[in-house]
Amino acid sequence: MGAIDAFTNAFSLVLRNKRLYLLVLVMSLMMAPLGAYLIPSDLGYEYNQTSMQKGNVIIEEYGTPIGEDEMGMIMELLKGLAIYSVIAIVVGAIFEYGVTKGIFMHIKGEEYSLTGILMDGLRHFPGVILINFVYGLIMIVFIALAAIPIALGAVLMPAGIVLVFLGLLLMLFVLAFTVGLSALAIPFYVDRGSIGAAFEAFGVAFRNVISTTGFGVLLGVGVVAIMMVASPIAFVTQMALPGNIAPYVSAFLQAPFDALLYLFLWAAGVAFYKEIQRMEELKKVDEELRELGIEV
């Protein structure tokens, strides 16, 4: 029930924090034209077809030859992606800390200013980046370990089909668990005030494996639902508008949904953190009662 309660409370926190949504919307609107400019969606490749005849056989070759111009475009794309990624990581870390702090203050009934929580985010964004980086590496390691049975099963096919099936189940479980685990990291950091506290999430998550995994599943469903609502906008925009302005219009139209997604993820992390705290306190009470000889 802890995962369901946290997931439900996440929506409640989003609805009750409209000011924070406007703050995240500013971030999304700020990043929208930058992303459209630095990461072009159309590389302008030409698709070529060549054919040659050998006797009665016609051989056709399809593809896009990569010359100096195309290689230069690819390098520009990678350069733009790198620049955008650095800016997005820094800006996202500032806003993630600030918004998470604002949610905690809202729960406690404390007043806050948007400028104040952003300044807090500016002071603490290196810690957010470090924590997210470490947790990202941990997620990659977990996924790599879960992929081992799939790789072994693929080598041993057709007898290895069972291993592949079990590996896929393990992969889904690991993904859900690591998503739930990662959602706790920044709330621990913001609430406890130290980077080391962020890694206390491991002990809590492993003591509540079922709740953490269930929350990860629900969080994934919520993300997919928001993306399904927003994704048709990009398709319609690309089809209806000229290629030189479509990416910008699409980015601006999707910005409100991006803001909703970010706020939902950050609010869900806080909601799950508070629910996990409640569950841990109940466990301590149960242990104390058992020590007194009272059966729970």
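**From one serine to the core and the surface**

S28 touches A255, D258, A259 and Y262, leaving out residues up to four places away in sequence. The model is predicted. S28 lies in helix 2. With a relative accessible area of 7%, S28 is buried, because buried means under 20%.

Now turn to the nonpolar core. The largest one holds 57 residues, and V99, I103 and F215 touch the most other members. Eight helices are named as suppliers of at least two residues each: helix 1 (2-16), helix 2 (18-38), helix 3 (68-108), helix 4 (114-155), helix 5 (161-192), helix 7 (201-207), helix 8 (209-240) and helix 9 (246-291). Helix 9 gives the largest share, 13 residues.

Take I103 as a way in. Its neighbours within four places in sequence are set aside here. I103 is then in contact with L13, L20, L263, W266, A267 and V270.

Helix 4 comes next. It bends by about 60° at H124. A proline, P126, follows within four residues. The buried residues of helix 4 are I117, D120, G121, G127, V128, I131, Y135, I138, A146, P149 and G153.

Finally, the surface. M157, I161, V162, F165, L166, L169, L172 and L175 form a nonpolar patch there. Together they have about 760 Å² of accessible area. L166, one of these residues, sits in helix 5. Is L166 buried, partly exposed or exposed? Its relative accessibility is 47%, so L166 counts as partly exposed. The class runs between under 20% for buried and over 50% for exposed.

Terms used. Residues numbered from 1 in each chain as written. Predicted model: local features only at pLDDT ≥ 70, side-chain atom pairs only at ≥ 80, totals over all residues. Heavy atoms only, no water. Core = buried A, V, L, I, M, F, W, Y, C linked by side-chain atoms within 4.5 Å. Buried < 20%, exposed > 50% of the residue type's maximum accessible area, 1.4 Å probe, protein only. Contact = heavy atoms within 4.5 Å. Patch = residues over 30% accessible without salt bridge, like charges linked within 9 Å, V, L, I, M, F, W, Y side chains within 5 Å. Areas by Shrake-Rupley, 256 points an atom, 1.4 Å probe, with all protein chains shown as cover. Salt bridge = Lys/Arg side-chain N within 4 Å of Asp/Glu carboxyl O. Bend = angle between axes of the 7 residues up to and from the residue.
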